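Student: Here is a model I would like to learn to read. Could you take me through its features one by one?

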Amino acid sequence: MLALIALAAVLADESPIEGRWRSPGGNSIIDIAPCGSELCGTVAWASDKAKQDARRATDQLIGTQLLTGLAEKKPGRWQGRLFIPDKSLRVTAKIQLAGPDQLKVSGCAIICSSQLWNRFEGPLPD
């Protein structure tokens, strides 16, 4: 019984955006997890095309933090920084759940753009 109470306490502390998310087009899978007191999004898997596109900014896309410093600014809305490897840009990121299994990721440099990422379950692709 104590184990169930402890598990419930851990799950209650987990952010609803934590977990694995697949980018549009399925070219990358990002793990969103705690990094100190904030959340970060790290590339867990990337297609060969995504790796090639990112070569200008990094030789090792897998393991690169795309999202850093994510903090909940309002209920259900997070803000931090987004690294866009194929453009070698770092921009302000705004994140919010668009549904239980969709994440709206917005970034603004000169213009703003948004993507819908889908929750990813199961093993990483080969």
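Student: How many salt bridges does a search of the whole structure find?

Tutor: A salt bridge is a side-chain nitrogen of Lys or Arg within 4 Å of a carboxyl oxygen of Asp or Glu. The search of the whole structure finds three. Keep the basis in mind: this is a predicted model, local features need pLDDT of at least 70, side-chain atom pairs count only at pLDDT 80 or more, and totals for chains, interfaces and linings use all residues. Residues are numbered from 1 along each chain as its sequence is written, and side-chain values use heavy atoms, with hydrogens and water left out.

Student: Which parts does the pair of aspartate 31 and arginine 20 tie together?

Tutor: Elements first: helices (H or I, at least four residues) and strands (E, at least two) are DSSP runs, numbered from the N terminus. The side chains of aspartate 31 and arginine 20 meet at 2.8 Å, N to O. Aspartate 31 sits in strand E2 and arginine 20 in strand E1 (residues 19-22), so the bridge joins parts 11 residues apart in sequence.

Student: Where do aspartate 101 and arginine 119 lie?

Tutor: Their closest N and O atoms are 3.4 Å apart. Aspartate 101 is in the loop between E6 and E7, and arginine 119 is in strand E8, so this pair ties together parts 18 residues apart in sequence.

Student: And what separates lysine 49 and aspartate 53?

Tutor: About one helical turn, because they are four residues apart in helix H2.

Student: Is threonine 58 buried or exposed?

Tutor: Threonine 58 is buried, because its relative accessible area is 17%. Its place is in the loop between H2 and E4. A polar atom of its side chain lies 3.2 Å from the backbone nitrogen of glutamine 60.

Student: What should I look for in phi?

Tutor: Most residues other than glycine have a negative phi. Serine 88 is not a glycine, yet has a positive phi of about 50°. Serine 88 is in the loop between E5 and E6. At 42% relative accessibility, it is partly exposed.

Student: How is empty space found?

Tutor: Rolling a probe the size of a water molecule over the atoms shows where empty space is left. On a 1 Å grid over the protein atoms alone, with a 1.4 Å probe, a pocket is an open set of points with protein on both sides within 12 Å along at least five of seven lines; lining residues have an atom within 4 Å of a point. Grid points are joined across faces, edges and corners, and a volume is the space filled by probe spheres set on the points.

Student: Which residues lie nearest the centre of the largest pocket?

Tutor: Phe83, Ile84, Pro85, Asp86 and Gln115, from a lining of 31 residues. The volume of the largest pocket is about 710 Å³.

Student: How much space lies in the second largest pocket?

Tutor: About 190 Å³. Its lining includes Lys73, Lys74, Arg77 and Trp78.

How values were computed: Buried < 20%, exposed > 50% of the residue type's maximum accessible area, 1.4 Å probe, protein only. Polar contact = N/O pair within 3.5 Å; in protein donor to acceptor, adjacent residues only side chain to side chain.
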